[in-house]
Amino acid sequence: MVVKSNSDQISNRYVFNRKAGRSIIERRPVFSPDGESVAIIVENLVRVYSIQTGDCVRTLETEVSINELVAVQFPEDEDYNLYGCSDDGYVTTWSWEQGAVLRKTKLQIPENTKIITFNLADSNECFIIAVDGNRKLHLGSYSVKDGGLIYEYKNLKIKYHGIICVSLGWCNNDRFAAITNGTMMLFIQNLNQPHLKLELINNNKFRILSVAAHHKESTVAITDTIGRVTIIRGNLYNYKSIAREVLHWHFLPPLAVCFSVQGSYLISGGMENVLVKWTLGHLQNKTNEKAFIPRLPGMIRYITTNNSHIAITLSNNSVIIANAQMRVVSTILECGGLSPVCKALGAALVYHRPLSALLMPGRTGHLQLYSTTTDKVLYNIDITAMNSIPSERQNLLPLETEVTCAAISADGSWLVTSEYRNDGINYPEEKLKFWAAQANNTSPFKLNTCVNLSHGGCNVVSLALNNKGEFCVSSGTDQKFRIWKRDSTSQQHRKKVVWGCLTACYYSSGITHFLSNPVLNNFKSGEILTPGKVENLPYMKEINRKNDILKRIINIHKEHDFVDTSVVDRYVGKDDEFAMGGVAISQDGSLIAAWFGSKLTLWDSHLCNLRTTLSHPALRPKGVHVQFGNNDAAHYLVCTTENCVAVWSLLSLTIKWMVQIKTTCLVSDPFSNKMAMVTTNNDVYVFSPHSSTPLLIQKRLLNPETGVFKQCVFGTSVGEDVRLYVMRNDSEIYCLEPEKSEEGQLEAISQRRLPPSAFHALLAHRQEDVAQNTYAQVTQTQDLALGNNAISQFLSAAPHMIPPVSLLCPLFLQHISGYKEIEEDEEEDVIMEIDPQSSDEEDTEVKSSHTPKAVQLWVPNYEEIKEKRLKKILKEPLLDLHSTSSLFGL
């Protein structure tokens with residue numbers, strides 16, 4: 001998807017693309033006829049993944065524009081074509097070998113209806129369930145050739161459709177559809193004879209969650225909320241002619257069940273994160289034998305089988321491929337799969353420049369390293385190193401330890417993470433971890449230091465690292481920020497790098513900062529639970545139509561408000577007057593900026609004392625983000641609140657400009673003077689602190705109702721271009737990058753010198769591309785290296801300690817030009833050669849091997865400069881809200 005910019009200035013230069021984070025667990029996957037690949041629905045297209053490698057080998061698209069695909073399937077009598085149906089009724093037939101669209105058919109469904117299930121009876125007929133605007137279901141059989149209605153099943157009344165599951169089987173040589181809707185009812189409908197149907201009530205009236213039909217026999221399997229798997233055999237149109245067999249291993253509701261191709265095994269799974277393979281009764285020597293795949297990284301949502309493999313769809317946005325011996329072969333992983341608590345927290349998004357990858361939140365307790373060049377997840381980094389807390393019937397989704405914050409140094413050498421858990425019963429779990437980058441290893445980071453209860457059990461709200469990874473600043477809800485420094489110690493005759501805390505800083509008076517958090521003072525005791533007690537909880541039998549917990553768990557990848565944003569601090573007292581906000585470190589590492597309520601404080605990082613406090617009525621009630629400028633904007637400090645953004649000058653300690661705008665994120669580029677912020681309307685502004693006129697404006701890139709951008713980060717770019725990655729609250733990754741122009745592409749090979757084959761043409765194009773990219777990188781490196789020594793010396797001092805620019809210009813220009821002053825005692829006499837024929841009135845040519853000594857053209861007068869600056873500050877107003885607000889067009 002590409003979203004054009006609405007700005008006339010740069011609309012033809014930048015494009016907005018979605019990179020990763022699409023859901024691959026929305027629909028059931030299917031195996032290819034040859035068993036070498038698996039087809040997975042990703043919104044409105046089909047991705048084909050290799051079973052052995054887990055890589056996407058090709059993509060199947062529809063010829064008509066559709067919203068999303070409901071299902072894809074190979075018919076049993078025609079396994080060389082793939083059929084897929086969209087939610088608006090378009091059936092597309094692909095040739096599996098070539099991937100070409102053979103036919104597209106529009107089903108003649110009633111108007112204003114949306115298809116929610118699609119199942120193929122054969123290559124000519126399909127069974128669909130659709131819902132109309134009045135939330136009523138429409139069941140019918142349609143022809144996939146011409147889209148005509150064959151049968152409509154009006155006698156089957158299904159009222160609730162929150163959890164719909166359909167499976168087709170055989171009974172008395174007729175096709176039937178087994179339907180469950182999350183109630184205690186199982187519906188059996190004959191597809192060829194609409195009058196034949198059965199409504200079967202589950203034993204003990206527990207809700208049925210999923211159903212699977214046998215491929216050959218008159219048998220179905222259902223799962224219910226108490227954890228049972230029930231196999232029903234016999235004449236499925238008469239409840240007196242059926243027999244039940246109960247398989248009970250699951251303790252929690254199984255969400256998926258599937259028969260093997262031959263029907264000898266039954267595979268089930270659910271919220272225990274364990275796949276169970278049952279041996280059915282007709283194998284007498286292995287009756288009720290079970291095989292397991294334990295410790296899966298997510299809840300099981302779908303199960304699909306073929307003759308040799310099993311595809312398991314998990315809630316962490318991944319698909320596990322296992323063989324018939326229950327051994328995992330490969331994993332198909334996409335970004336996302338966040339827990340509800342992690343979505344509520346809005347975990348950090350950072351860019352790792354050495355690997356050109358994004359470090360972003362993943363499943364519970366993990367961070368994913370997503371490569372922006374290969375569009376693949378490179379690593380799943382286990383941050384918490386904890387076993388997942390098992391679910392209970394009283395608590396289906398227990399609160400687990402989550403990664404709350406992450407920060408990485410500009411050179412990518414060090415990573416800092418924080419993790420937190422507070423359930424209100426046990427003492428909070430809180431850790432701060434420092435990770436060292438490592439190359440050529442199974443993991444890109446190695447744990448160096450782990451600090452338990454770094455903030456006394458209070459959650460860490462912000463982290464900041466300096467460019468070289470020498471010291472770190474962490475702020476927490478205990479109304480303090482701590483300074484951590486990297487140091488070398490000698491242990492067993494060898495040096496070891498560790499991190500230690502220098503000091504803790506706070507901004508308050510008296511002892512209120514010690515008593516502000518009840519976590520530090522309250523004693524807690526655990527709940528008394530009776531072991532082995534079985535309770536009939538309300539969700540097992542009753543349906544809460546407004547807030548069905550099982551429906552939300554099944555669709556957990558869609559839920560954004562499953563957990564309130566205050567869940568982490570729900571047992572913590574808050575004091576907005578001194579509540580900590582964001583923290584930042586200046587480019588030279590001499591200053592630390594920290595929010596305490598509405599007061600922005602500046603601290604000396606070496607002496608660890610308060611230098612000054614910046615406050616303004618417009619910055620109330622509470623500050624959120626703060627960032628120092630970089631390069632030539634190092635003397636600016638940019639801060640945001642819930643309603644405005646302001647830029648402070650560190651030289652005069654005054655506000656340079658301010659704009660009233662609601663932001664969700666503020667970041668700075670460590671290698672340029674650019675900054676970026678994202679608003680609640682999904683607007684992106686790229687600007688420099690020097691001016692309130694943005695360099696780049698992108699208005700309403702996505703509809704805010706579908707999700708709001710919570711995090712953004714700068715990526716690697718060339719020259720003055722900008723590459724910005726943004727993450728929505730559902731972990732979808734988008735990129736704002738320059739549009740590819742024809743100037744950056746290679747010229748076409750001349751027709752007079754055609755290569756002997758198409759492969760040679762591709763090879764030549766690739767070699768020229770590599771050569772051009774190498775030359776561009778070398779040229780850019782040479783340009784950046786020009787005057788690098790002078791610039792590093794110029795920026796080594798603190799911004800507030802640098803003399804006026806007028807004093808630095810002559811020396812700075814001399815340093816860049818390579819001029820070196822020669823001492824007088826080292827000068828040698830220079831003999832001037834004069835033409836004897838020339839007279840004194842004529843021009844005399846002087847030849848010398850030395851550069852003449854520079855003449856001091858201006859003597860600085862500090863008192864005069866100081867007097868002028870004070871007069872300028874007194875004359876000019878500190879802030880003009882009307883003029884600054886109009887610059888952003890607000």
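Author: Let us begin with exposure, for which a residue is called buried under 20% relative accessible area, exposed over 50%, and partly exposed in between (1.4 Å probe, protein chains only). This is a predicted model, in which local features need pLDDT of at least 70, side-chain atom pairs count only at pLDDT 80 or more, and totals for chains, interfaces and linings use all residues. Residues are numbered from 1 along each chain as its sequence is written, and side-chain values use heavy atoms, with hydrogens and water left out.

Reader: What is a salt bridge, and how many salt bridges does the count come to?

Author: Side chains of opposite charge can pair when their charged atoms come close. The rule asks for a side-chain nitrogen of Lys or Arg within 4 Å of a carboxyl oxygen of Asp or Glu, and by this rule the count is 22 salt bridges.

Reader: Which residue forms a salt bridge with glutamate 732?

Author: Glutamate 732 pairs with arginine 18, their closest N and O atoms being 3.1 Å apart.

Reader: Is aspartate 55 buried or partly exposed?

Author: Aspartate 55 is partly exposed, with a relative accessible area of 28%, and lysine 376, at 41% relative accessibility, is likewise partly exposed. Aspartate 55 forms a salt bridge with lysine 376, the closest N and O atoms lying 2.7 Å apart.
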